Amino acid sequence: MSLEIENPPSRERTKRLRRQDSLYGDAEKVSKSKHHGSEGSWARLLHLAFQSIGIIYGDIGTSPLYSLSSTFPDGIKNHDDPLGVLSLVLYTLILIPMIKYVFIVLYADDHGDGGTFALYSLISRHSKVGLIPNQQVEDSMVSNYSIEEPNSQLRRAQWLKAKLESSETAKIVLFTITILGTSMVMGDGTLTPAISVLSAVNGIKEKVPSLTESQIVWISVPILFMLFSVQRFGTDKVGYSFAPIISVWFVLIAGIGMYNLVVYEIGVLRAFNPIYIIEYFQRNGKEGWVSLGGVILCVTGTEGMYADLSHFNIRAIQISFNTILFPSVALCYMGQIAYLRKFPENIADSFFKSIPAPLFWPTFIVAILSAIIASQAMLSGAFAILSKALSLGCFPRVRVIHTSKSYEGQVYIPEVNFLMGLASIIVTITFRTTTVIGNAYGICVVTVFSITTHLMTIVMLLVWRKNIIFILLFYVVYTSIELLYLSSILSKFVQGGYLPFCFSLVLMALMMTWHYVHVKKYWYELDHIVPTDEVTELLKKHDVRRIPGVGLLYSDLVQGIPPVFPRLVQKIPSVHSVFLFMSIKHLPIPHVLPAERFLFRQVGPREHRMFRCVSRYGYSDMLEDSGLFKRFLVEKLKNFIQEEAALQTNCTTGDSDKQTCSKGSACSIRHSEEVTDPQVCGLVGNASSDLIHSIEEEKGLIDAEVERGVVYLMGEANVIAGPKSSAMKKIVVDYVYTFLRKNLAEGEKVLSIPKDQLLKVGITYEI
């Protein structure tokens, strides 16, 4: 952190301050850790590429188990239809996961983070589309914020920025489609385990045909239970365990595919000619269009590749996709189609029937394991996206566990994992067949594709500012493709397609309820703040006495005094000797450097020792435990006091510069990595020894008060709908929101506040 003063007397005497304390060093290691966004050495890149095989490709890699059978639910009616479907599958794999995601969408990372919320945060950072008015000028000074204002030549970006910022409807629509995408990813993470495991277990019927459908289902249930149980070990450990298995799977399916090509019909390679797609639709008409709902299942898990970007990096995913995933899966589909050209009657179990007899049991075992792993991609992505939703106030506070010390984006959410596991088991028991589950699955997949396309178009216009022809080409091509697939899968709405809509509507309702009340609560507090210049009068009015220790009063507000403070001094007319109004603020960036974490302001006269502090985090940053947070906070507070003294000294004692500061004004303070040595600038030659002694005494007093104890105060706000509110608003606020607030993790648990140091202050807000 540095202090910059207008016209300083000895600017050349400013130098870098070397910090020796271990806390600062440890905190700095967090921001400089090698995570997703940094490329590193080739060895590390290949290590990440290998690990990504086990995490993000299980889903798309196991799609050959069920995709073709879902495409031909009523059997193959024409000998050339498999060629048309193979051509559709190959070009779907090339156009959507390869070109759109691997070579375009992955580059829309938000400092290494992916997913719908990463796109939303990119847009939010370049235009003020957030619904909570907590933006501060200092936020744009954070290193990772790194925005470039549209210049006068790029009027298109300026026009779009103005439209987004001035339209409340645009803000709400943007937020709504973002949480719809999040809801669909969560639905995807629920359905992936069900369809993958069920389709793999179903293969055993080839050797044990006496097994019934119910028995297959009950064999699948304990496998699903085991899958969700291992999530707590984290992506890092799970990835190391899964990568070798998935690698064996890709070798097997590629080998079996090549075997089938040679043995049955190598001529199916002509399916790379798109003319077979045209002929397929000419022969089948509406039935060909309906079959697209099965074809799209060949790219399930593609969105997980983007959502899991925080676990790896772009280059690692590009290497693993183009060298391992695409060749293996393409060969597998070609082999199945070659087999079906000879045995079209076996379409229902084409994958397992096409396996050479000596390889059946090894392939079956690896298929079971791979199906388990297939769920990992969407589960990891769901956890990553939901953790971002939490930090942006779009989801109730639940406990987020960071499972890796090396890679910051790898998280696990116990409550969500339990609910998704339960839902997946219920879906498996209820729907029983992969065909019905596939109908639901396809809707999730295509909806997320479409949302990503629309958000990406805004990013291209506003952030990347690409050529308009390229943007139009991207939007028209992918919107057309996705609408075609979506219209097909919606035709199966009654046959299971309704499931993700119901799931997403419930999840969206919860997220919108939480965010709606969160915004209203913020505006209520903003309308009822106590101006900082009235603090002295407030303390005198209630005859408030100062008690030993340090008090931290938490509030969402980043300016003014929250309305819970007057209630506190009214009920308990005492305030700690050192008192801070704390705000935890999440910026629309993944990470904030620890050195730039805190913003301080003096509240009232200096002798009151009252401060406002805003602690800023990125949406992927983890909150420190209370001990580490306290030590870091105290260190920065003492630095602030010292710098304020240097500032005041230069403002009042500058002789040659004739610098003056009007009453109540403040000289500019800028936070950066460069730190001004207070003994060199400001205090030496300008400050009296009495002032130096006063500063050291005040810093010593803060240390002494910290030793006496730190108390964390939190407002326990009971939010209710106003008496004139509509019936719908009363249901949403008084029942739904209250239920979520009371039954999910409380704020002090998320902030890791010790129970014996917590004091809650009750207050009721009418919104």
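Ile426 counts as partly exposed because its relative accessibility is 47%, where partly exposed covers the range between buried, under 20% relative accessible area, and exposed, over 50% (1.4 Å probe, protein chains only). Ile426 sits in helix H18, residues 414–431, helices being DSSP runs of H or I with at least four residues and strands runs of E with at least two, numbered from the N terminus. Together with Phe418, Leu419 and Leu422, Ile426 makes a nonpolar surface patch of about 420 Å². Such a patch is made of residues with over 30% relative accessible area and no salt bridge, nonpolar side chains (Val, Leu, Ile, Met, Phe, Trp, Tyr) being joined within 5 Å and like charges within 9 Å; a salt bridge is a side-chain nitrogen of Lys or Arg within 4 Å of a carboxyl oxygen of Asp or Glu.

This is a predicted model, in which local features need pLDDT of at least 70 and side-chain atom pairs count only at pLDDT 80 or more, while totals for chains, interfaces and linings use all residues. Residues are numbered from 1 along each chain as its sequence is written, and side-chain values use heavy atoms, with hydrogens and water left out.

For the protein as a whole, there are 27 helices and eight strands, and 58% of the 767 residues count as buried. Among contacts (heavy atoms within 4.5 Å) with a separation of 6 or more, 85% are accounted for by residues 24 or more positions apart. The protein exposes about 31,400 Å², of which carbon and sulfur atoms supply 60%, as computed by the Shrake-Rupley method with a 1.4 Å probe.

Helix H25, residues 689–708, has 20 residues that should span 28 Å at 1.5 Å a residue, and this agrees with its end C-alpha atoms, which are 28 Å apart; the expected span is 1.5 Å times one less than the number of residues. The buried residues of H25 are Ile695, Glu698, Lys699, Ile702, Glu705 and Val706. They cover an arc of only 120° around the axis, so they lie on the same side of H25, the arc being that of the directions from the helix axis to the C-beta atoms. The face turned away from this buried side carries the exposed residues Ser689, Asp690, His693, Glu697, Glu707 and Arg708. After H25 comes Gly709, with a positive phi near 130°.

Two arginines also have a positive phi. Arg465, although not a glycine, has a phi of about 55°; Arg465 lies in the loop between helices H19 (434–464) and H20 (468–490) and is buried, with a relative accessible area of 16%. Arg609, likewise not a glycine, has a positive phi of about 50°, is found in the loop between strands S5 (598–603) and S6 (610–618), and is partly exposed at 23% relative accessible area.
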